[in-house]
Amino acid sequence: YFPGPYDIVPNGIDYERFAPPVEPLPIYTGQRPTILFVGRLEKRKGFQYLLEAFARVRMLVPNAQLLVAGAYTKEDKEPFVVQARRDGIRGVHFLGYVAEDAKAQLFQSCDICCVPSTGFESFGIVLLEAMAAGRPLVASNIPGYRGVMADGREGLLVEPEDPEALASALVALLRDPERRAHMGAQGQE
């Protein structure tokens, strides 16, 4: 609204808190490919599209699991629990609130961090935390996220509200550990 020179000062995080050698949470590590969602279960965070996408992911990667962490209530998660049961979507674990000190461990416990917001995100702190942890991203192609990551470098950007595109990106990365490792390293850089 006001003409003039502007400098954007991005948000920061405590890189050392998330970067290895942080230990993963033993309960969620192992041979299962793991996708992590961190956020509230409000509409603009796009979890409904991730849950639909995850049903497709499970058809192609049957042992995949989805960890859902964030500050949400029992009432917030109930429609998604009902949907998962109704549609036979297995492997979804609603963790609820995770303390800040355990959040770094949670990032180390996943293979991919998925951030499917529909818009109205100015930055994406979760993206930075995942990148510091060396985890590749699958995120919505929205302005706030494009300012943090590049498609094909730290992860994959997909159009918002597109469960098929989300599922395709997730499956592509779950099936390619070398690409995940490369993208994770790019994110840490």
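A pocket is an open set of grid points with protein on both sides within 12 Å along at least five of seven lines, and its lining residues have an atom within 4 Å of a point. The exercises below apply this to a predicted model.

**Exercise 1.** State which residues lie nearest the centre of the largest pocket, and how its lining is made up.

Solution.
- Step 1: The lining of the largest pocket has 24 residues.
- Step 2: Nearest the centre lie Val-38, Gly-39, Arg-40, Lys-103 and Val-126.
- Step 3: By type, the lining holds 12 nonpolar, 7 polar and 5 charged residues.
- Step 4: The space in this pocket is about 420 Å³.

**Exercise 2.** Find which elements supply at least two residues each to this lining, and which gives the largest share.

Solution.
- Step 1: The elements are β1 (34–38), α4 (100–108) and α5 (125–132).
- Step 2: With 3 residues, α4 gives the largest share.

**Exercise 3.** Decide whether α5 is enclosed or open to the outside.

Solution.
- Step 1: A residue is buried when its relative accessible area is under 20%.
- Step 2: In α5, Val-126, Leu-127, Leu-128, Glu-129, Ala-130, Met-131 and Ala-132 are buried.
- Step 3: These are 7 of its 8 residues, so α5 is largely enclosed by the rest of the structure.
- Step 4: Just after α5, Gly-134 has a positive phi of about 80°.

**Exercise 4.** Classify Tyr-6 as buried or exposed, and name the patch residues.

Solution.
- Step 1: Tyr-6 sits in the segment before α1 (15–18).
- Step 2: Exposed means over 50% relative accessible area.
- Step 3: Tyr-6 has 60% relative accessibility and therefore counts as exposed.
- Step 4: Tyr-6, Tyr-1 and Phe-2 make a nonpolar surface patch of about 570 Å².

Terms used
Residues numbered from 1 in each chain as written. Predicted model: local features only at pLDDT ≥ 70, side-chain atom pairs only at ≥ 80, totals over all residues. Heavy atoms only, no water. Patch = residues over 30% accessible without salt bridge, like charges linked within 9 Å, V, L, I, M, F, W, Y side chains within 5 Å. Areas by Shrake-Rupley, 256 points an atom, 1.4 Å probe, with all protein chains shown as cover. Salt bridge = Lys/Arg side-chain N within 4 Å of Asp/Glu carboxyl O. Helix = DSSP H or I, 4+ residues; strand = E, 2+ residues; numbered from the N terminus. Buried < 20%, exposed > 50% of the residue type's maximum accessible area, 1.4 Å probe, protein only. 1 Å grid on protein atoms, 1.4 Å probe; cavity = no way out; pocket = protein on both sides within 12 Å on 5 of 7 lines; lining within 4 Å. Points joined across faces, edges and corners; volume = space filled by probe spheres on them. Nonpolar A, V, L, I, M, F, W, Y, C, P; charged D, E, K, R; others polar.
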